[in-house]
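Dear colleague,

I am passing on a structure for you to look at, and below it I have written down what was found. Please keep it open beside this message as you read.

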Amino acid sequence: MTVLGVGTDIVLLSRIKRLRRFPDKIIARILRPNELKKFKRSHNKTECLARFFSAKEAVFKSLGLINFGPVGFQLIEIDFNERNSGRAKLFGHLARSRSEKLKRICLSSIRTKMHVITQAVSFVK
């Protein structure tokens, strides 16, 4: 496998905390159904939402794309494990346009007192 790109994103937790004041409809525009289930089960909803948000931004960067906003967020599903690493899966036209080359997208995320930082690495066949 060869590296297609690397993307890094830093999210300020206070920014996500403000976002959480919006109705569930806004959160549902950012998270896919499986992510929404994990978010609802999470004990720290601000950190959970920040991880998903940061990961999706990092994935866009690793693919060399400009963020499509909340609509684009629905094209990426993030699956973190308990060690804060994971993978991303693409959907819709984003998956179709990348399916021939893309092998996998790996993620790593850390949290500081004020930030969530995520790195995505996209690999091609």
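In what follows, Ala, Val, Leu, Ile, Met, Phe, Trp, Tyr, Cys and Pro count as nonpolar, Asp, Glu, Lys and Arg count as charged, and the others, Gly among them, count as polar. Please bear in mind that this is a predicted model.

With those classes, the lining of the largest pocket divides into 3 nonpolar, 4 polar and 5 charged residues. This pocket has a volume of about 280 Å³, and the residues that line it include K38, R41, E47, C48, R51, F52 and F80. Helix 3 (33-41) and helix 4 (45-62) each supply at least two residues of the lining, and helix 4 gives the most, with 4 residues.

Beyond its neighbours within four places in sequence, I78 is in contact with F52, V59 and L107, among others.

Finally, look at R32, which lies in the loop between helix 2 (24-30) and helix 3. R32 counts as buried because its relative accessible area is 16%, under the cut-off of 20%. A polar atom of the R32 side chain lies 2.6 Å from the backbone oxygen of Q74, and the residues in contact with R32 include K56, I76 and F91.

With best wishes

How values were computed: Residues numbered from 1 in each chain as written. Predicted model: local features only at pLDDT ≥ 70, side-chain atom pairs only at ≥ 80, totals over all residues. Heavy atoms only, no water. 1 Å grid on protein atoms, 1.4 Å probe; cavity = no way out; pocket = protein on both sides within 12 Å on 5 of 7 lines; lining within 4 Å. Points joined across faces, edges and corners; volume = space filled by probe spheres on them. Buried < 20%, exposed > 50% of the residue type's maximum accessible area, 1.4 Å probe, protein only. Polar contact = N/O pair within 3.5 Å; in protein donor to acceptor, adjacent residues only side chain to side chain. Contact = heavy atoms within 4.5 Å.
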